[in-house]
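Visitor: I would like to go through this model with you. Could we begin with the strands?

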Amino acid sequence: MLIYIILGLCVIALIVAIVETRLLRVKHYTIDSQNSNLKKNIKIALISDMHCTVFGKNNKRLIDKIADLNCDFLIVAGDVINGKPDDLSYALDFFKGIKEKGIKTYYFYGNHEQKLSMTDEKSFEDYGSEIRKFVETVNNDTVVLDGITLKGLLIPLKMYRDKISEIEKYFNAVQLVGEFDNDGNYHILVAHDPTFASMYDAVGADLILSGHLHGGIIRIPFLGGVITPRHKLFTGRTRGIYDQGKGKILITSGIGWHAIPLRFCNDPEICMIEIRSSGYEAQIGS
Ligand SMILES: [Fe+2]
């Protein structure tokens, strides 16, 4: 009898996990900034790890949900595609729809974009040419905005495979993307994989934005995410916001799935990050 109860619960959990991949929630974060150049509150939408997942025809449900947030800009933190040349139209439809809504978007590559660049250079170049009609790509590059500076760290593809002890010998984030200037701007570093976060500290970000870990795919209350793409179990930081270096790291659990359509206690999420300016608070009070 017990075996039937356990089997029944497993079937129910499996159905819930499949259905959950179709849900979409907005997770709100508020961060206070003392940076002098930030004169108003900034609202940033963040998504990651779409992996060709589609919400409604041409991703309309996802696009509308992001548009409803009225963000100042959207950050896409990598793995929009699946590293293959045959499924890129989903990404193009998404970015086209986002542009039509008038949303300024910065796109930072993950390991799957890099995988495509290694396996099919022509498809990758064509993909890059097409998407840059709709979004700005930022990879080992810097974008300076009004009060905010964005840096995109393109993590070498082999780092997703090597042991961390080996990576520490050759990886230098500052050499790839430089340090933030002491200029009064709020400094955001986008780095797809948070596994190596301590190696990004020298860049000097106020906020690091990452994804890649899919929130641990299956989440268990009080224990957190179960498994990472490196097949490591219960690694701890797979979703949420944590202290890191001189600032914070925000790890989104992403909106898609890869290989197996499962997410448990781990709804696909759009992160809505409000950077609150101390200067703005003072204006309200005066
Ligand atoms: Fe990834």
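Guide: Strand β12 (residues 240–244) and β13 are joined by five bridges and run antiparallel; two strands pair if DSSP finds at least two bridges between them. The strands, marked E and at least two residues long, and the helices, marked H or I and at least four residues long, are DSSP runs numbered from the N terminus. Please note that this is a predicted model, in which local features need pLDDT of at least 70, side-chain atom pairs count only at pLDDT 80 or more, and totals for chains, interfaces and linings use all residues. Residues are numbered from 1 along each chain as its sequence is written.

Visitor: Which residue is the bridge partner of I241 in β13?

Guide: I241 is partnered by L250.

Visitor: And how many residues lie between β12 and β13 in the hairpin?

Guide: Two residues separate them, and G245 in that turn has a positive phi of about 55°.

Visitor: Which strand does β9 join, and in what sense?

Guide: β9 is joined by four bridges to strand β13 (residues 247–251), and these two run parallel. Within that pairing, S210 stands opposite I251.

Visitor: Changing topic: what is the order of strands in the open sheet of six?

Guide: The order is β1-β14-β2-β3-β4-β5, and the pairing is mixed. β1 (25–33) and β5 (136–137) are the edge strands, each pairing on one side only.

Visitor: What does β2 pair with?

Guide: β2 pairs with β14 in the antiparallel sense over five bridges, and with β3 in the parallel sense over four bridges. I42 faces I275 in β14, while A45 faces L74 in β3.

Visitor: Is β2 mostly covered or uncovered?

Guide: β2 is mostly covered, with five of its six residues buried. A residue is buried if 20 or more other C-beta atoms lie within 10 Å of its own, exposed if 12 or fewer, and partly exposed in between, with C-beta atoms placed from the backbone.

Visitor: How do β3 and β4 pair?

Guide: Strand β3 (residues 73–76) and strand β4 (residues 105–107) are parallel, over three bridges. V76 is found opposite Y107 in β4.

Visitor: On to the helices. Which residues are buried in α2?

Guide: L62, I63 and I66 are buried in α2. They lie on the same side of α2, because they cover an arc of only 95° around the axis; the arc is that of the directions from the helix axis to the C-beta atoms.

Visitor: What do the buried residues of α2 pack against?

Guide: They pack against β2, β3, α3 (89–100) and β14 (269–277). Contact here requires that the C-beta atoms of two residues, placed from the backbone, lie within 7 Å.

Visitor: What follows α2?

Guide: N70 follows α2, and its phi is positive, near 50°.

Visitor: Where are D49 and F222, and what is the phi of each?

Guide: D49 lies in the loop between β2 (42–47) and α2 (60–68), with a phi near 55°. F222 lies in the loop between β10 (219–220) and β11 (224–225), with a phi near 75°. Most residues other than glycine have a negative phi.

Visitor: Are D49 and F222 buried or exposed?

Guide: D49 counts as buried because it has 27 C-beta neighbours inside 10 Å. F222 is exposed, because 4 other C-beta atoms lie within 10 Å.

Visitor: What about α1: how many of its residues are buried?

Guide: The count is zero among its 19 residues, so α1 is hardly covered. Helix α1 (residues 2–20) should span 27 Å at 1.5 Å a residue, and its end C-alpha atoms are 27 Å apart, which agrees. The expected span is 1.5 Å times one less than the number of residues.

Visitor: Finally, the whole chain. What is its average pLDDT?

Guide: The chain averages a pLDDT of 91, and 97% of the residues score at least 70; pLDDT is the predictor's confidence in each residue, from 0 to 100.
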